[in-house]
Amino acid sequence: MRKKQKKPSKGSLGTRSRREFLQDACLGGTALAGVAQPQKVSAADPPSTSAATSKAWTVRLSSDKRHLELFYGEELWVTGMRVEIKSGGAEFSSDAQGAQLEITPGKHAGETLVRVRSPRSFTIALESADSALAICVRGLAGGEEDSALVEAEIHAGPEPIQARLEDLHDDVLQMACGRAASGLNNAVFDRFRDAALQVWSRQTFFEPIETGFRLRAGTHLNETALCRLEVVHDVYARRLPFYAPLDKTAWPHTPAGWCSWYRYFAAVTEDEILKNARAAARDYQAFGLGYCLIDSGWQVAGGGESNGPIGGSWTDANTKFPHGMQWLADQIKAQGLQPGLWLSVFGNADQRFYDAHRDWFLHDENGNAKMGSWFGTYVADFSNPELIKFLAEVYRQHTLVWGFEYFKLDGENDTRDLWAKNRVRAFDPSLPANAAFRDALRVIREAMNAKPGVFFSACGPEYPTESMGIAQAARLGGDVVGDGEAPSFRGVRTALAAMRRGYYTHNITWYADPDVLVVRPPLTRDEAATWTSILGLSGQLLMLGDDMTSLPEDRREMLRKVMPVADIHPLDLYPLAEDRHVWVLHVVRPYGRWAVAGLFNWDCAPGEMPPAFQGGAYETETRNESLLGRQQSYGVQETIASELAAAKQENERLEALPEKPAGLEQLPVPSYLSPPAARRVVLNFEKAGLDPEAEYLLYDFWNERFLGRERYEYAAVLPAHACQIISLRPFLGRPQLIGTDRHITMGAVELLDERWDWGKSLLHLTLKIVPNHPTSVSIYKYNRNLKRHSASQGTATLKEENEIVRVQLVSLVPEVTLLLEF
């Protein structure tokens with residue numbers, strides 16, 4: 001266990017102070033320049049961080065004349081600022097009754113002084129350098145125990161996010177449901193301004209409030225500065241040039257649905273779509289599933305035969321869909337679901353269509369138009385206005401006539417790159433590739449808008465950042481299951497790689513899609529639970545990828561526990577270099593706050609190619625196939641690269657070839673692997689951003705087990721590919737809810753209210769449950785006996801288990817109030 005740090009003096013941050021963010025260098029060092037008047041940004045300045053640095057801090061008195069407001073340029077970031085002092089056994093502050101504040105220029109260039117005139121007068125000095133502002137106290141001699149702190153309200157737009165902007169590589173991944181604060185974070189981000197206010201101080205504490213976050217930051221009185229504030233611009237745009245905030249007024253919820261590709265691939269038929277739509281509606285619609293997505297395989301010339309293209313005609317269905325797409329969309333709607341459709345946005349393999357519209361497609365320097373790949377034989381010239389006019393009409397038809405309400409448009413990265421390579425022969429070679437691509441995509445998006453609420457998910461196939469500000473969701477990585485490949489932990493690793501790349505964009509610029517959730521055998525229960533937990537805790541786009549008609553009941557129930565998708569956003573606003581073993585979801589509701597921690601073992605399991613070898617094995621396999629003049633499906637290639645037995649079998653086959661072409665290589669396979677040991681995963685409460693002074697009640701979600709009351713840390717020993725999902729609720733000294741079996745957030749979706757009546761020793765719980773589906777809640781009794789219980793609707797079956805009581809609710813009415821008297 002890590003040694004506890006000395007508790008800060010009560011006069012500075014009190015017993016709830018969180019973390020020492022700053023080393024001495026962050027507070028000392030070169031003196032900051034003063035506060036200058038705001039400067040205008042000229043029209044020639046580029047819209048980047050360099051332009052932002054031409055702004056300056058200004059300090060104003062609030063309307064009550066007792067507090068300070070801080071502006072950076074014209075942007076208000078801080079209100080209600082006050083300074084609190086503990087010195088020589090006395091306590092006083094800048095907003096004390098009778099205190100008068102006077103703002104004057106300082107002696108140094110740009111320095112601003114706020115003189116606090118009161119029985120204990122002192123001066124607040126504000127010193128700025130570019131976007132940084134140091135806040136100091138002068139005029140007081142500080143003793144060893146004397147302290148000072150700044151208290152203020154931070155304003156960062158209507159949806160502020162308390163976050164961290166730099167990767168500390170601490171093995172923790174953070175997310176939040178509601179306006180939450182973590183002890184690991186020292187910034188508040190405004191996604192609409194793409195800017196954050198970062199706070200550097202010896203000790204900091206953030207408290208969520210209605211207008212944003214309340215900050216308390218300070219240190220010993222004899223420090224150079226109490227804290228430093230810094231506005232960071234282009235938090236996202238510095239990595240993502242097309243960043244734009246997601247419009248959640250039009251699309252407030254992360255979609256959940258079913259996708260045909262990862263079970264049927266291009267061989268899908270009309271009948272299989274219908275059977276799965278019926279099963280998905282029956283088993284999951286009441287839990288929050290809303291879409292049925294017809295992926296590739298429905299188009300003329302897009303059947304993927306002999307490893308051919310899957311991006312076919314934009315308008316015509318093939319013989320596997322005899323009733324047509326409008327009829328099929330109507331059938332899906334009849335099940336209560338919204339129909340979705342996959343298309344290759346700028347790829348087409350329909351020879352007849354190409355022959356009729358040759359000028360609408362790109363050609364290489366030799367006049368060859370067959371430059372495409374899996375997304376279609378021919379690549380559209382999206383700078384051609386006639387083509388774009390045609391596609392706009394296509395999507396209006398698909399929306400208004402066929403009735404589709406969700407579009408997954410694929411091949412975006414690949415077709416954009418090919419256009420850029422062949423731009424000199426495009427209809428309008430004067431256009432930059434990104435401009436031409438985005439202009440065309442906007443026209444298609446506008447055509448979808450012919451019907452309100454139509455959802456657009458971009459697929460690149462990987463990370464199509466050029467679609468930001470146009471698409472509402474985007475794929476972050478590759479396919480988790482390939483055609484000809486059985487589901488395996490390779491899919492989990494692919495989803496994790498996608499999250500490392502782009503999870504920080506989720507629910508901020510779009511809804512992130514790490515690809516579908518698959519839970520069918522041969523995945524073990526541990527592997528299925530781990531994959532499900534990844535989607536449930538991160539709140540990303542949720543598409544189910546199994547045959548809904550044949551999935552085992554235990555796996556069906558597993559899927560229900562992550563629907564609907566909770567409104568979750570990341571707190572770590574940067575790409576990651578490695579997978580994290582500890583995930584912490586901070587949940588905040590009007591009636592309480594708690595955390596849900598995921599502990600994961602990503603280690604290699606028996607029979608799995610070590611992850612460090614998989615990339616090299618796949619590349620070697622691809623080169624070998626080219627040398628041998630063969631092409632296996634990518635699913636078979638992934639299997640060979642990710643399974644030890646398959647890789648060894650492939651090497652034996654290569655070795656047995658009578659003639660070996662030059663350059664043929666054996667796949668890199670480790671000669672010896674030690675049996676994988678279980679991993680001890682430690683959840684240190686302070687290092688995970690939780691209150692280091694609190695005592696928590698721990699509850700295991702998947703095993704429905706109370707783990708006890710814990711301080712400081714908890715550890716679990718997990719086999720490879722396994723996880724443990726735990727709720728951590730601060731112990732309140734009375735009976736309280738500790739977990740449910742309905743949703744992985746254990747309350748964020750299903751718990752509407754929790755109240756305790758001290759006079760009557762009565763616990764009130766109001767829950768939103770699925771009608772006629774059993775939902776269990778677990779209550780910590782805290783050494784009390786349950787006297788009686790009642791439910792406002794349905795039945796409530798009681799089971800007492802040592803320190804907890806479990807109540808199973810069944811009701812035909814979705815809202816139920818449970819009363820428990822102790």
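A salt bridge is a side-chain nitrogen of Lys or Arg within 4 Å of a carboxyl oxygen of Asp or Glu. The model is predicted, so local features need pLDDT of at least 70 and side-chain atom pairs count only at pLDDT 80 or more, while totals for chains, interfaces and linings use all residues. Residues are numbered from 1 along each chain as its sequence is written, and side-chain values use heavy atoms, with hydrogens and water left out.

**View A. A salt-bridge network that includes Arg164 and Asp572.** Arg164, Asp167, Asp170, Asp572, Glu578 and Arg580 are linked by salt bridges. Aspartate 572 and arginine 164 meet through their side chains, N to O at 2.6 Å. The two lie 408 residues apart and link distant parts of the chain. Aspartate 572 sits in the loop between β27 (569–570) and β28 (582–589), and arginine 164 in the loop between β10 (161–163) and β11 (172–177). Strands (E, at least two residues) and helices (H or I, at least four) are DSSP runs, numbered from the N terminus. Both aspartate 572 and arginine 164 are buried. Buried means under 20% relative accessible area, exposed over 50%, partly exposed in between (1.4 Å probe, protein chains only). By the salt-bridge rule, the count comes to 57.

**View B. Glutamate 650 paired with arginine 630.** The closest N and O atoms of this salt bridge are 2.9 Å apart. Glutamate 650 belongs to helix α15 (residues 644–655); arginine 630 is in the loop between α13 (611–628) and α14 (634–642). Glutamate 650 has 6% relative accessibility and therefore counts as buried. Arginine 630, at 26%, counts as partly exposed.

**View C. Arginine 705 paired with aspartate 700.** Their side chains form a salt bridge at 3.9 Å, N to O. Arginine 705 is partly exposed, with 43% relative accessibility. Aspartate 700 is buried, at 1% relative accessible area.

**View D. Helix α10 against helix α11.** The axes of α10 (residues 489–502) and α11 (residues 525–538) come within 10 Å and cross at roughly 20°. Axes are lines fitted to C-alpha atoms, for helices over the stretch in contact; angles run from 0 to 180 degrees between N-to-C directions. The two helices are therefore roughly parallel (angles under 35 degrees). Phe489, Gly491, Val492, Leu496 and Met499 of α10 make the contact with Glu527, Thr530, Trp531, Ile534 and Ser538 of α11 (heavy atoms within 4.5 Å).

Conventions
Angles under 35 degrees count as roughly parallel, over 145 as roughly antiparallel, 65 to 115 as roughly perpendicular and the rest as oblique.
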